[in-house]
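Trainee: I am new to this structure and would like to learn how to read it, one feature at a time. Could we look at it together?

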Amino acid sequence: TATWAREQSGLPPLGETYLGGHSYGGPAALLAASRLDPCRGLVLHDPALGMGRPLPVPARTVSFTSDEYDAAGVRCGETYHCRGAFHGNFVDAPLW
């Protein structure tokens, strides 16, 4: 059955909420997670947070930072630097 396959996959059970956000979507996801019970975790890319200031997170959080954001000291939860990535590579509607 689909339920059995899902259980065997190692993926989180259905019904658990995870949020994600890029740039200004990062703080929006953090705010939503602080008001959503339960939020199991967040995945953020280059969250537009106060540069170099750790931020308390309401749920388990993993962030991926571009070269620019890593150099600026952006950290939120478990943070991984994606060498060679640039913030502008991940926009929803590139205008250039």
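**Reading the fold and its contacts**

Mentor: From the N terminus on, the elements of this protein follow the order α-β-α-β-β-α-β, where helices (H or I, at least four residues) and strands (E, at least two) are DSSP runs numbered from the N terminus. The model is predicted, so local features need pLDDT of at least 70 and side-chain atom pairs count only at pLDDT 80 or more, while totals for chains, interfaces and linings use all residues. Residues are numbered from 1 along each chain as its sequence is written, and side-chain values use heavy atoms, with hydrogens and water left out.

Trainee: How many helices and how many strands does the protein have?

Mentor: There are three helices and four strands.

Trainee: What share of the residues of the protein count as buried?

Mentor: Buried means under 20% relative accessible area, exposed means over 50%, and partly exposed lies in between, using a 1.4 Å probe and protein chains only. Of the 96 residues in this protein, 27% count as buried. The protein exposes about 6400 Å², and carbon and sulfur atoms supply 59% of that area; accessible areas come from the Shrake-Rupley method with a 1.4 Å probe, and for residues only the protein chains shown count as cover.

Trainee: Which residues make up the largest nonpolar core?

Mentor: A nonpolar core is a set of buried Ala, Val, Leu, Ile, Met, Phe, Trp, Tyr and Cys residues joined through side-chain atoms within 4.5 Å. Here the largest such core has nine residues, namely Ala-29, Leu-30, Ala-33, Cys-39, Leu-42, Leu-44, Leu-49, Ala-59 and Cys-76. Helix α2 (25-35) and strand β2 (39-45) each supply at least two residues of this core.

Trainee: With which residues is Pro-58 in contact, once its neighbours within four places in sequence are left aside?

Mentor: Contact means heavy atoms within 4.5 Å, and by that rule Pro-58 touches Leu-30, Ala-33 and Ser-34. Pro-58 sits in the loop between β2 and β3 and is partly exposed, with a relative accessible area of 43%. The C-alpha atoms of Pro-58 and Gly-41, which are 17 residues apart along the chain, are separated by 8.3 Å.

Trainee: Is His-87 buried or exposed?

Mentor: His-87 has a relative accessible area of 16%, and therefore counts as buried. The residue lies in the segment after β4 (78-81). Leaving aside neighbours within four places in sequence, His-87 is in contact with His-22, Ser-23, Asp-46, Ser-66, Glu-68 and Tyr-69.

Trainee: What joins the side chains of His-87 and Asp-46?

Mentor: A polar contact is a pair of N or O atoms within 3.5 Å; within protein, one must be able to donate a hydrogen and the other to accept it, and residues adjacent in sequence count only if both atoms are side-chain atoms. The side chains of His-87 and Asp-46 are joined by such a contact of 2.9 Å. Another polar contact, of 2.7 Å, links the side chains of His-45 and His-22; His-45 is in strand β2 and is buried at 13% relative accessibility.

Trainee: What is the value of phi in Asp-46?

Mentor: Most residues other than glycine have a negative phi. Asp-46, however, has a positive phi near 45 degrees; this residue lies in the loop between β2 and β3 (60-65) and is buried at 0% relative accessibility. Ser-23 also has a positive phi, near 55 degrees, and is found in the loop between β1 (17-22) and α2, where Ser-23 is buried at 11% relative accessibility.

Trainee: How many salt bridges does the structure hold?

Mentor: A salt bridge is a side-chain nitrogen of Lys or Arg within 4 Å of a carboxyl oxygen of Asp or Glu, and the structure holds two. In one of them Arg-60 pairs with Glu-78, the closest N and O atoms being 3.1 Å apart. Because Arg-60 lies in strand β3 and Glu-78 in strand β4, the pair ties together parts that are 18 residues apart in sequence. Arg-60 is exposed at 63% relative accessibility, whereas Glu-78 is partly exposed at 33%. Asp-70 and Arg-75 also form a salt bridge through their side chains, at 3.3 Å from N to O.
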